[in-house]
Amino acid sequence: MRPWAGVIAAYRDRLALPEGTPDCTLLEGNTPLVPSVALQRSLPGNLAIFFKYEGLNPTGSFKDRGMVVAFARALARKARVCLCASTGNTAASAAAYAARSGLRCIVLLPEGSIARGKLAQAAMHGATIVSISGPFDNAMRMAQELVRQRPEIELVNSVNPFRIEGQKTAAFEISDTLGDAPDFHFLPVGNAGNITAYWKGYREYADAGRIARLPRMVGFQAAGAAPIVEGRVIPDPQTVASAIRIGNPASWKGALAAASDSGGWFGSVTDDEILDAYQFLAREEGLFVEPASAAGVAGLRKVAAQGRIPPGSHIVITLTGHGLKDPDMAARVAAPKPISIGPTLAELVHAIEG
Ligand SMILES: *Cc1c(COP(=O)(O)O)cnc(C)c1O
(Lines give C-alpha, C1' and ligand atoms only; values in the text may rest on other atoms or scores of the structure.)
Protein backbone atom coordinates (compact mmCIF):
# COMPACT_ATOMS: atom_id res chain seq x y z
CA MET A 1 0.00 0.00 0.00
CA ARG A 2 1.32 3.45 -0.90
CA PRO A 3 1.56 5.87 2.02
CA TRP A 4 -1.06 8.62 2.19
CA ALA A 5 0.21 11.75 0.42
CA GLY A 6 -2.60 14.26 1.08
CA VAL A 7 -5.90 15.10 -0.60
CA ILE A 8 -4.42 16.60 -3.78
CA ALA A 9 -2.31 13.51 -4.50
CA ALA A 10 -5.22 11.20 -3.63
CA TYR A 11 -7.86 12.93 -5.73
CA ARG A 12 -5.99 15.13 -8.20
CA ASP A 13 -8.00 13.88 -11.20
CA ARG A 14 -11.25 14.86 -9.45
CA LEU A 15 -10.17 18.35 -8.40
CA ALA A 16 -10.57 21.33 -10.69
CA LEU A 17 -6.90 22.37 -10.58
CA PRO A 18 -4.74 23.82 -13.31
CA GLU A 19 -2.04 21.51 -14.70
CA GLY A 20 1.24 21.64 -12.77
CA THR A 21 -0.29 23.18 -9.64
CA PRO A 22 2.35 22.97 -6.89
CA ASP A 23 1.58 20.73 -3.97
CA CYS A 24 2.09 22.08 -0.46
CA THR A 25 0.60 19.27 1.54
CA LEU A 26 0.72 18.61 5.28
CA LEU A 27 -0.77 15.17 4.49
CA GLU A 28 -4.26 16.33 5.38
CA GLY A 29 -7.29 14.09 4.86
CA ASN A 30 -7.58 10.30 5.24
CA THR A 31 -9.29 10.86 8.59
CA PRO A 32 -10.94 7.92 10.34
CA LEU A 33 -14.61 7.06 9.92
CA VAL A 34 -15.20 5.88 13.47
CA PRO A 35 -18.25 3.62 14.04
CA SER A 36 -20.45 4.81 16.88
CA VAL A 37 -20.94 2.64 19.93
CA ALA A 38 -22.86 4.65 22.51
CA LEU A 39 -24.86 7.01 20.30
CA GLN A 40 -26.09 4.12 18.19
CA ARG A 41 -27.08 2.18 21.30
CA SER A 42 -28.89 5.19 22.76
CA LEU A 43 -31.16 5.71 19.74
CA PRO A 44 -34.01 3.51 18.51
CA GLY A 45 -34.24 1.89 15.07
CA ASN A 46 -30.97 -0.02 14.67
CA LEU A 47 -29.16 2.87 13.05
CA ALA A 48 -25.62 2.46 11.72
CA ILE A 49 -23.83 5.66 12.73
CA PHE A 50 -20.30 6.70 11.76
CA PHE A 51 -18.28 9.74 12.81
CA LYS A 52 -16.00 11.39 10.24
CA TYR A 53 -13.41 12.56 12.75
CA GLU A 54 -11.99 15.66 11.08
CA GLY A 55 -10.25 16.79 14.25
CA LEU A 56 -7.42 14.49 13.21
CA ASN A 57 -6.37 16.69 10.31
CA PRO A 58 -2.91 18.38 10.66
CA THR A 59 -4.22 21.56 12.31
CA GLY A 60 -7.15 19.84 14.03
CA SER A 61 -10.08 20.68 11.77
CA PHE A 62 -11.53 19.91 8.33
CA LYS A 63 -10.37 23.34 7.12
CA ASP A 64 -7.03 21.77 6.06
CA ARG A 65 -8.67 19.88 3.18
CA GLY A 66 -9.71 23.07 1.45
CA MET A 67 -6.74 25.10 2.59
CA VAL A 68 -4.19 22.87 0.85
CA VAL A 69 -5.97 23.36 -2.47
CA ALA A 70 -6.36 27.11 -1.90
CA PHE A 71 -2.62 27.30 -1.22
CA ALA A 72 -1.70 25.20 -4.23
CA ARG A 73 -3.65 27.72 -6.26
CA ALA A 74 -2.08 30.70 -4.44
CA LEU A 75 1.40 29.32 -5.16
CA ALA A 76 0.51 28.69 -8.80
CA ARG A 77 -0.40 32.36 -9.21
CA LYS A 78 2.68 33.37 -7.17
CA ALA A 79 0.76 35.16 -4.42
CA ARG A 80 2.94 36.42 -1.55
CA VAL A 81 0.23 37.19 0.99
CA CYS A 82 -2.89 35.36 2.05
CA LEU A 83 -5.82 36.70 4.02
CA CYS A 84 -8.82 35.23 5.79
CA ALA A 85 -11.60 36.17 8.16
CA SER A 86 -12.07 33.40 10.65
CA THR A 87 -13.88 32.17 13.73
CA GLY A 88 -10.54 30.47 14.47
CA ASN A 89 -9.99 27.25 12.56
CA THR A 90 -9.60 28.84 9.13
CA ALA A 91 -6.97 31.12 10.68
CA ALA A 92 -5.11 28.20 12.29
CA SER A 93 -5.13 26.28 9.03
CA ALA A 94 -4.19 29.22 6.79
CA ALA A 95 -1.35 30.15 9.16
CA ALA A 96 0.08 26.62 9.04
CA TYR A 97 -0.06 26.30 5.24
CA ALA A 98 1.34 29.83 4.87
CA ALA A 99 4.25 28.92 7.14
CA ARG A 100 4.93 25.84 5.04
CA SER A 101 4.63 27.72 1.74
CA GLY A 102 6.55 30.85 2.68
CA LEU A 103 3.59 33.20 2.36
CA ARG A 104 2.68 35.98 4.73
CA CYS A 105 -0.64 35.27 6.46
CA ILE A 106 -3.07 37.90 7.74
CA VAL A 107 -6.07 36.75 9.77
CA LEU A 108 -9.08 38.86 10.75
CA LEU A 109 -10.80 37.59 13.87
CA PRO A 110 -13.98 38.68 15.60
CA GLU A 111 -12.88 40.29 18.85
CA GLY A 112 -13.01 38.20 21.99
CA SER A 113 -14.68 35.10 20.59
CA ILE A 114 -11.80 32.93 19.42
CA ALA A 115 -11.07 29.67 21.22
CA ARG A 116 -7.66 29.76 22.90
CA GLY A 117 -6.12 26.83 21.05
CA LYS A 118 -6.90 28.35 17.65
CA LEU A 119 -5.41 31.71 18.59
CA ALA A 120 -2.29 29.92 19.84
CA GLN A 121 -1.96 28.08 16.53
CA ALA A 122 -2.26 31.24 14.40
CA ALA A 123 0.31 32.98 16.61
CA MET A 124 2.74 30.05 16.65
CA HIS A 125 2.66 29.82 12.86
CA GLY A 126 3.55 33.51 12.67
CA ALA A 127 0.34 35.01 11.30
CA THR A 128 -0.44 38.71 11.59
CA ILE A 129 -3.55 38.66 13.77
CA VAL A 130 -6.06 41.51 13.58
CA SER A 131 -9.02 41.53 15.92
CA ILE A 132 -12.16 43.30 14.63
CA SER A 133 -15.05 44.45 16.78
CA GLY A 134 -18.48 42.93 16.24
CA PRO A 135 -19.40 39.50 14.90
CA PHE A 136 -17.50 37.34 12.38
CA ASP A 137 -19.57 38.84 9.59
CA ASN A 138 -17.77 42.20 10.05
CA ALA A 139 -14.40 40.48 9.63
CA MET A 140 -15.67 38.63 6.54
CA ARG A 141 -16.93 41.84 4.93
CA MET A 142 -13.63 43.62 5.61
CA ALA A 143 -11.59 40.76 4.16
CA GLN A 144 -13.63 40.98 0.96
CA GLU A 145 -13.25 44.77 0.84
CA LEU A 146 -9.48 44.54 1.31
CA VAL A 147 -8.95 42.04 -1.54
CA ARG A 148 -11.08 44.19 -3.81
CA GLN A 149 -8.61 47.01 -3.17
CA ARG A 150 -5.52 44.70 -3.16
CA PRO A 151 -6.27 41.91 -5.64
CA GLU A 152 -2.72 40.52 -5.32
CA ILE A 153 -3.69 39.21 -1.87
CA GLU A 154 -5.10 35.66 -1.92
CA LEU A 155 -8.38 35.37 -0.01
CA VAL A 156 -8.49 31.85 1.45
CA ASN A 157 -11.98 31.90 2.94
CA SER A 158 -14.48 29.36 1.65
CA VAL A 159 -15.79 31.95 -0.84
CA ASN A 160 -12.59 30.89 -2.59
CA PRO A 161 -13.87 28.06 -4.85
CA PHE A 162 -10.63 26.08 -4.35
CA ARG A 163 -11.50 25.69 -0.67
CA ILE A 164 -14.76 23.98 -1.64
CA GLU A 165 -12.85 21.80 -4.15
CA GLY A 166 -10.59 20.50 -1.41
CA GLN A 167 -13.31 20.04 1.19
CA LYS A 168 -15.41 17.86 -1.09
CA THR A 169 -12.74 15.13 -0.74
CA ALA A 170 -14.27 14.18 2.63
CA ALA A 171 -17.35 12.93 0.74
CA PHE A 172 -15.05 10.86 -1.50
CA GLU A 173 -13.29 9.31 1.49
CA ILE A 174 -16.56 8.41 3.21
CA SER A 175 -17.91 6.85 0.02
CA ASP A 176 -14.67 4.93 -0.56
CA THR A 177 -14.75 3.58 3.00
CA LEU A 178 -18.43 2.61 3.11
CA GLY A 179 -18.59 1.45 -0.51
CA ASP A 180 -21.52 3.83 -1.09
CA ALA A 181 -22.93 7.07 0.27
CA PRO A 182 -24.80 6.91 3.60
CA ASP A 183 -28.57 7.54 3.76
CA PHE A 184 -28.08 10.70 5.79
CA HIS A 185 -25.17 13.05 6.33
CA PHE A 186 -25.39 15.33 9.39
CA LEU A 187 -23.05 18.25 10.00
CA PRO A 188 -22.77 21.60 11.77
CA VAL A 189 -23.24 24.67 9.59
CA GLY A 190 -21.63 28.09 10.07
CA ASN A 191 -20.45 29.84 6.94
CA ALA A 192 -21.96 26.88 5.03
CA GLY A 193 -18.94 26.06 2.87
CA ASN A 194 -18.64 22.54 4.18
CA ILE A 195 -22.21 21.36 3.49
CA THR A 196 -21.87 22.89 0.01
CA ALA A 197 -18.60 21.01 -0.53
CA TYR A 198 -19.88 17.64 0.73
CA TRP A 199 -22.90 17.82 -1.54
CA LYS A 200 -20.67 18.69 -4.51
CA GLY A 201 -18.43 15.73 -3.67
CA TYR A 202 -21.28 13.23 -3.36
CA ARG A 203 -22.87 14.44 -6.60
CA GLU A 204 -19.61 14.18 -8.51
CA TYR A 205 -18.99 10.69 -7.16
CA ALA A 206 -22.49 9.64 -8.19
CA ASP A 207 -21.99 11.12 -11.68
CA ALA A 208 -18.74 9.16 -11.95
CA GLY A 209 -20.54 5.95 -11.00
CA ARG A 210 -18.55 5.56 -7.77
CA ILE A 211 -21.70 5.54 -5.59
CA ALA A 212 -25.20 4.31 -6.34
CA ARG A 213 -27.16 6.67 -4.11
CA LEU A 214 -26.97 10.16 -2.67
CA PRO A 215 -27.35 11.04 1.00
CA ARG A 216 -29.87 13.46 2.44
CA MET A 217 -27.84 16.41 3.71
CA VAL A 218 -28.95 17.63 7.13
CA GLY A 219 -27.33 20.80 8.46
CA PHE A 220 -27.54 22.04 12.04
CA GLN A 221 -27.02 25.57 13.28
CA ALA A 222 -26.90 26.87 16.83
CA ALA A 223 -30.27 28.30 17.89
CA GLY A 224 -28.76 31.75 18.58
CA ALA A 225 -26.95 31.78 15.24
CA ALA A 226 -29.39 30.15 12.83
CA PRO A 227 -29.77 32.47 9.83
CA ILE A 228 -30.51 29.66 7.36
CA VAL A 229 -33.15 28.09 9.60
CA GLU A 230 -34.80 31.44 10.26
CA GLY A 231 -34.38 32.69 6.71
CA ARG A 232 -32.88 36.01 7.78
CA VAL A 233 -29.51 37.56 8.62
CA ILE A 234 -28.82 37.43 12.36
CA PRO A 235 -27.08 40.71 13.25
CA ASP A 236 -25.73 39.59 16.63
CA PRO A 237 -25.31 35.80 16.55
CA GLN A 238 -24.82 34.12 19.93
CA THR A 239 -23.73 30.60 20.82
CA VAL A 240 -21.10 28.78 22.88
CA ALA A 241 -20.09 27.05 19.63
CA SER A 242 -17.75 29.81 18.44
CA ALA A 243 -16.88 28.07 15.14
CA ILE A 244 -20.48 28.44 13.95
CA ARG A 245 -21.24 31.86 15.47
CA ILE A 246 -22.09 33.36 12.09
CA GLY A 247 -25.11 35.47 11.19
CA ASN A 248 -24.75 35.84 7.42
CA PRO A 249 -23.18 32.72 5.85
CA ALA A 250 -21.10 33.23 2.71
CA SER A 251 -22.33 29.98 1.11
CA TRP A 252 -25.99 30.43 2.05
CA LYS A 253 -27.25 29.59 -1.46
CA GLY A 254 -25.07 26.49 -1.77
CA ALA A 255 -26.32 25.26 1.58
CA LEU A 256 -29.98 25.71 0.66
CA ALA A 257 -29.38 23.86 -2.61
CA ALA A 258 -27.61 21.00 -0.83
CA ALA A 259 -30.52 20.49 1.56
CA SER A 260 -33.32 20.87 -0.97
CA ASP A 261 -31.71 18.93 -3.86
CA SER A 262 -30.84 16.04 -1.54
CA GLY A 263 -34.19 15.86 0.22
CA GLY A 264 -32.52 17.01 3.42
CA TRP A 265 -33.19 19.95 5.68
CA PHE A 266 -31.82 22.44 8.22
CA GLY A 267 -32.48 22.51 11.91
CA SER A 268 -31.23 24.25 15.00
CA VAL A 269 -30.04 23.04 18.38
CA THR A 270 -29.75 25.01 21.60
CA ASP A 271 -26.46 25.58 23.40
CA ASP A 272 -27.61 23.15 26.10
CA GLU A 273 -28.21 20.47 23.48
CA ILE A 274 -24.80 21.18 21.91
CA LEU A 275 -22.98 20.98 25.23
CA ASP A 276 -24.87 17.81 26.12
CA ALA A 277 -23.76 16.15 22.89
CA TYR A 278 -20.22 17.55 23.43
CA GLN A 279 -20.01 15.79 26.79
CA PHE A 280 -21.72 12.64 25.54
CA LEU A 281 -19.14 12.26 22.73
CA ALA A 282 -16.25 12.68 25.16
CA ARG A 283 -17.61 10.50 27.96
CA GLU A 284 -19.45 7.79 26.03
CA GLU A 285 -17.69 7.58 22.66
CA GLY A 286 -14.15 8.60 23.66
CA LEU A 287 -14.18 11.39 21.05
CA PHE A 288 -13.14 14.85 22.21
CA VAL A 289 -14.41 17.48 19.80
CA GLU A 290 -14.95 21.21 20.04
CA PRO A 291 -18.48 22.42 20.88
CA ALA A 292 -19.46 23.36 17.29
CA SER A 293 -18.50 19.87 16.17
CA ALA A 294 -21.14 18.38 18.45
CA ALA A 295 -24.00 20.23 16.71
CA GLY A 296 -24.55 17.46 14.16
CA VAL A 297 -24.77 14.87 16.93
CA ALA A 298 -27.16 17.07 18.91
CA GLY A 299 -29.19 17.41 15.73
CA LEU A 300 -29.41 13.68 15.09
CA ARG A 301 -30.49 13.03 18.68
CA LYS A 302 -33.24 15.60 18.25
CA VAL A 303 -34.64 14.40 14.93
CA ALA A 304 -34.31 10.72 15.87
CA ALA A 305 -36.47 11.45 18.91
CA GLN A 306 -39.01 13.04 16.55
CA GLY A 307 -39.11 9.78 14.56
CA ARG A 308 -37.75 11.35 11.38
CA ILE A 309 -35.06 8.71 10.73
CA PRO A 310 -36.19 5.39 9.19
CA PRO A 311 -34.98 2.25 11.04
CA GLY A 312 -31.74 0.77 9.75
CA SER A 313 -30.51 4.01 8.19
CA HIS A 314 -26.79 4.52 7.60
CA ILE A 315 -25.77 7.88 8.99
CA VAL A 316 -22.50 9.79 8.81
CA ILE A 317 -21.92 12.73 11.14
CA THR A 318 -18.97 15.04 10.55
CA LEU A 319 -17.06 15.92 13.72
CA THR A 320 -15.49 19.08 12.37
CA GLY A 321 -12.75 19.98 14.88
CA HIS A 322 -10.70 18.68 17.80
CA GLY A 323 -11.66 19.27 21.42
CA LEU A 324 -8.22 20.61 22.37
CA LYS A 325 -9.01 23.68 20.28
CA ASP A 326 -11.19 25.04 23.05
CA PRO A 327 -9.71 24.03 26.42
CA ASP A 328 -11.63 26.73 28.28
CA MET A 329 -14.98 25.24 27.29
CA ALA A 330 -13.83 21.80 28.40
CA ALA A 331 -12.74 23.23 31.74
CA ARG A 332 -16.10 24.97 32.07
CA VAL A 333 -18.24 21.88 31.55
CA ALA A 334 -16.01 19.21 33.07
CA ALA A 335 -14.45 21.36 35.83
CA PRO A 336 -11.31 19.24 36.19
CA LYS A 337 -10.38 19.07 39.89
CA PRO A 338 -7.46 16.75 40.56
CA ILE A 339 -7.51 15.14 43.97
CA SER A 340 -4.29 16.32 45.65
CA ILE A 341 -2.43 13.84 47.84
CA GLY A 342 1.02 13.07 49.13
CA PRO A 343 3.05 10.18 47.64
CA THR A 344 1.69 7.40 49.88
CA LEU A 345 -0.37 4.36 48.87
CA ALA A 346 -2.78 4.88 51.77
CA GLU A 347 -3.64 8.35 50.54
CA LEU A 348 -4.00 7.09 46.95
CA VAL A 349 -6.37 4.30 47.98
CA HIS A 350 -8.39 6.76 50.04
CA ALA A 351 -8.53 9.21 47.13
CA ILE A 352 -9.83 6.74 44.55
CA GLU A 353 -12.23 5.01 46.90
CA GLY A 354 -13.38 8.11 48.71
C1 LIG B 1 -15.55 26.07 10.10
C2 LIG B 1 -16.15 25.17 11.10
C3 LIG B 1 -17.51 24.82 11.07
C4 LIG B 1 -18.47 25.39 10.09
O5 LIG B 1 -18.19 25.04 8.76
P6 LIG B 1 -18.77 25.93 7.58
O7 LIG B 1 -18.14 25.43 6.36
O8 LIG B 1 -18.38 27.34 7.90
O9 LIG B 1 -20.26 25.77 7.61
C10 LIG B 1 -17.98 23.92 12.00
N11 LIG B 1 -17.16 23.41 12.95
C12 LIG B 1 -15.86 23.73 13.00
C13 LIG B 1 -15.01 23.12 14.07
C14 LIG B 1 -15.31 24.61 12.09
O15 LIG B 1 -14.02 24.94 12.18
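**What is the relative accessible area of Asp 276?** The relative accessible area of Asp 276 is 46%, and the residue is partly exposed (buried means under 20% relative accessible area, exposed over 50%, partly exposed in between, with a 1.4 Å probe and protein chains only). The model is predicted: local features need pLDDT of at least 70 and side-chain atom pairs count only at pLDDT 80 or more, while totals for chains, interfaces and linings use all residues. Residues are numbered from 1 along each chain as its sequence is written, and side-chain values use heavy atoms, leaving out hydrogens and water.

**View 1. A salt bridge joins Arg 301 to Asp 276.** The N to O distance in this pair is 3.9 Å (a salt bridge is a side-chain nitrogen of Lys or Arg within 4 Å of a carboxyl oxygen of Asp or Glu). Because Arg 301 belongs to helix α13 (residues 295-305) and Asp 276 to helix α12 (residues 271-285), the pair ties together parts that are 25 residues apart in sequence (helices, H or I of at least four residues, and strands, E of at least two, are DSSP runs numbered from the N terminus). Arg 301 is partly exposed, its relative accessible area being 24%, and Asp 276 is also partly exposed, at 46%. Elsewhere, salt bridges that share partners connect Lys 52, Glu 54, Arg 65 and Glu 173 in one network. The structure has 17 salt bridges by this rule.

**View 2. Arg 77 and Glu 154 form a salt bridge.** The closest N and O atoms of this pair are 2.2 Å apart. The two residues are 77 residues apart and link distant parts of the chain: Arg 77 sits in the loop between α3 and β3 (81-85), and Glu 154 in strand β6 (residues 154-155). Arg 77 is partly exposed at 36% relative accessible area, whereas Glu 154 is buried, with 4% relative accessibility.

**View 3. Glu 230 is paired with Arg 232 in a salt bridge.** Their side chains meet at 2.7 Å, N to O. Glu 230 is partly exposed, at 38% relative accessibility. Arg 232 is likewise partly exposed, at 43%.

**View 4. Helices α3 and α4 pack against each other.** Helix α3 (residues 63-76) and helix α4 (residues 89-101) pack at about 40°, and their axes are 9 Å apart (axes are lines fitted to C-alpha atoms, for helices over the stretch in contact, with angles from 0 to 180 degrees between N-to-C directions). This angle makes α3 oblique to α4 (under 35 degrees is roughly parallel, over 145 roughly antiparallel, 65 to 115 roughly perpendicular, the rest oblique). The two helices cross in a right-handed way (the near helix is turned clockwise from the far one by less than a right angle, and anticlockwise in a left-handed crossing). On the α3 side, the contact is made by Lys 63, Asp 64, Met 67, Val 68, Phe 71 and Leu 75 (contact means heavy atoms within 4.5 Å). From α4 come Asn 89, Thr 90, Ser 93, Ala 94, Tyr 97, Ala 98 and Ser 101. By class, the residues of this contact are 7 nonpolar, 4 polar and 2 charged (Ala, Val, Leu, Ile, Met, Phe, Trp, Tyr, Cys and Pro count as nonpolar, Asp, Glu, Lys and Arg as charged, and the others, Gly among them, as polar).

**View 5. Helix α4 also crosses helix α5.** The axes of α4 and α5 (residues 116-124) come within 8 Å and cross at roughly 20°. That angle makes α4 roughly parallel to α5, and the crossing is left-handed. In α4, Asn 89, Ala 91, Ala 92 and Ala 95 meet Lys 118, Gln 121 and Ala 122 of α5. The residues of this contact comprise 4 nonpolar, 2 polar and 1 charged.

**View 6. Gly 267 is located in strand β9 (residues 265-269).** Gly 267 is buried, with a relative accessible area of 10%. Leaving aside neighbours within four places in sequence, Gly 267 is in contact with Gly 219, Phe 220, Gln 221 and Val 229. Val 159 is 108 residues from Gly 267 along the chain, and their C-alpha atoms are separated by 23 Å.

**View 7. Asn 46 and Lys 78 have positive phi values.** In Asn 46, a residue other than glycine, phi is near 50°. Asn 46 is in the loop between α2 (38-42) and β2 (48-53) and is exposed, at 72% relative accessibility. Phi of Lys 78 is near 60°. Lys 78 is found in the loop between α3 and β3, and this residue is exposed, with a relative accessible area of 68%.
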